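Take a look at the structure below.

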Amino acid sequence: MAYITLRDVHLAFGGPALLDGAHFNLERGERVCLIGRNGEGKSTLLKLIEGSLLPDTGEVSIQNGLTVSMLAQDVPMDSGKVADIVADGAGEAATVLKEYHEASDACVLGDMEACDRMGMLQHKLDQLDGWALENKVNTILGKMGLDPNADLADLSGGRKRRVLLARALLTQPDVLLLDEPTNHLDVESIEWLEKFLLDQNNLTLLFISHDRSFVDSIATRIVELDRGILRGYEGNYSRYLELKAQQMEAEEKQNALFDKKLAEEEAWIRQGIKARRTRNEGRVRALKDLREQSKARRSQQGKVTMAAQEANRSGKLVFEIEHLSVSYDHKPLIKDFSAIVLRGDRIGLVGDNGVGKTTLIKAILGEIEHGGSVKTGTQLEVAYFDQLRNALDLEKSVMANVSEGSDYVDVNGNRRHIYSYLQDFLFSPERARTPVKALSGGERNRILLAKLLLKPSNLIVMDEPTNDLDMVTLELLEELLSEYKGTLLLISHDRAFMDNVVTSTWVFDGKGNIDEYIGGYQDYLEQRPDQKVVDQKSDVKKAQAKAEAAAATAAPKKVKLSYKDQRELEQLPAEIEKLETEQTELSEKLADGSWFVSDANAATSASQRLAEIEELLLEKLERWDELENASKG
């Protein structure tokens, strides 16, 4: 029996149905990636399975006794102790445990009511097995490298994601639902998350992601939500693309045949009265059905149309950076960085959150103070895609944000109405009048792209442009940037996007140093020093140092030899030499075997003596070594 089953599920919020007779099964041990265009209803589907939403009609069935946990898409901005936030995932037991600790603290300070309350809370904890909760919390935080006493507000977006994941996994769910788990994570955290999820035995996953590398690593099956229908594709994302292309081609042929038949029937019904006198009512009813099917048919959502407006070419030199340094709170964030950026370079910036990628961009553009110098080339026109989305006024409509009050925009010398231009970015006239605050993250990113691409430029700066964009839009943005004739500075944690766009990579080590590598992210991985080998060498050196220290500690203190032992040590070399001489002589006599013929008894005795000499030599050599070491201490 499937863990989770959807049967003929319908759900709509006033517009086209998000789920239109959807069917879906999730089997034990599967890792299913749910994909689809922005606004199709993917997050809504997860909420249906989680139980926070109910369908209009149809059935969402979850196997009896199954525990389902969900990691939400949004990263919280709240403050609070990490251990408490993770423990909250255990429900009532966490609340009682927190109250018990608070009562315990108050009791120590002399609050007798708190002391009395402790007894009641202790009884509750016994019933809820709450005492094991602290151990569970500390164990999972240890696995994820999180400080239980840290404040959530002080953590980076990636660390906050780890806290939320720890909370979701605390109850050891049978099914984990993840909504865009890689958003706001740096590359190292994404790779850590991949390994962590793959290491969880028997964990069943249903996740939403637009990170193609992550999907290819994790997913065992792709399920696409397209115009209210769920379709499954076995294999990874690359295999999905092949199967999807075949399906779209078949759909286009089927629609073409349908449209041809409808056109023929419409032509027949428009014929003159005499020509139609012999018509039958069945044919009229069939035409009526065809019209209804045509109205109900939901066409594929169009693709975003992108074109960058290129300004006059900049000078060949775009930036000459010499010994650039930036400090924050008296700590070096970027140390002594030098580089030359030439026209046409497409440079990707890679590193953990908080290492200074955005800071470097701002320093290069002259937005913040810095040490060193940055020489800027001539005729530079910059278009800046801002990570913090400061360019958008959330209270204004899409149209007002993009056109800044005008009904027309200039697109590569052509005057276009703003509604027509926004339809290139999949905003209908009705959606174009919607306030930005009511839109999804992916739609807001499309607004920024629409606004950015209206600005003539020969340098595009993009700070995390891929967050929340669906895969089709990502691929079109890749194509645009690959064909862009100007210069590109790109900060992104999407490894596939970087590989397909950039020509060189600046890698931040987190200690203020920046190294440059030719090519994209995979090229960097191949060129960098093998960290495992470095770590192994380091481990060997540590082990050797530890062994030497232990040996030094365990070594016996220097002890002076007794007179007898000292005399023995002095005589041993002569005794050993005498035995070796005798051994040589006897060996030579016994070598040809003639001695056994002339004097068998003497030869036999000599042979026995030779064996004795070998034993004596071994004993005296060992004794000599022992006394020699003792004398050296």
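## Cysteines

Is C33 buried or exposed? C33 is buried, because its relative accessible area is 0%, and the cut-off for buried is under 20%. Keep in mind that this is a predicted model.

C107 is another case. Its relative accessible area is 22%, so C107 is partly exposed. C107 is joined to C115 by a disulfide, with an S to S distance of 1.9 Å. A disulfide is a covalent bond between the sulfur atoms of two cysteines. The link of C107 and C115 is right-handed, with 100° about the S-S bond. A search of the whole structure finds one disulfide.

## Nonpolar cores

The largest nonpolar core has 53 residues. Which of them touch the most other members? They are V86, L165, L176, L197 and F207. This core lies between domain 1 (1-67 + 174-235) and domain 2 (77-172), because both give residues to it.

Now zoom in on V86. Leaving out residues up to four places away in sequence, V86 touches V137, I140, L141, V163, A166, R167 and L170. There is also a second, separate core of 43 residues. Among its members are V350, A383, L422 and Y484.

## Helix α17

Helix α17 covers residues 471-483, which makes 13 residues. At 1.5 Å a residue, α17 should span 18 Å. Its end C-alpha atoms are 19 Å apart, so the two values agree.

Which residues of α17 are buried? They are M471, T473, L474, L477, E478, L480 and L481. An α-helix has 3.6 residues a turn, so residues three or four places apart point the same way.

Methods:
Residues are numbered from 1 along each chain as its sequence is written. This is a predicted model: local features need pLDDT of at least 70, side-chain atom pairs count only at pLDDT 80 or more; totals for chains, interfaces and linings use all residues. Side-chain values use heavy atoms; hydrogens and water are left out. A nonpolar core is a set of buried Ala, Val, Leu, Ile, Met, Phe, Trp, Tyr and Cys residues joined through side-chain atoms within 4.5 Å. Buried means under 20% relative accessible area, exposed over 50%, partly exposed in between (1.4 Å probe, protein chains only). Domain bounds come from an automatic or database domain assignment. Contact means heavy atoms within 4.5 Å. A disulfide is a pair of cysteine sulfur atoms within 2.5 Å. Helices (H or I, at least four residues) and strands (E, at least two) are DSSP runs, numbered from the N terminus. The expected span of a helix is 1.5 Å times one less than its number of residues.
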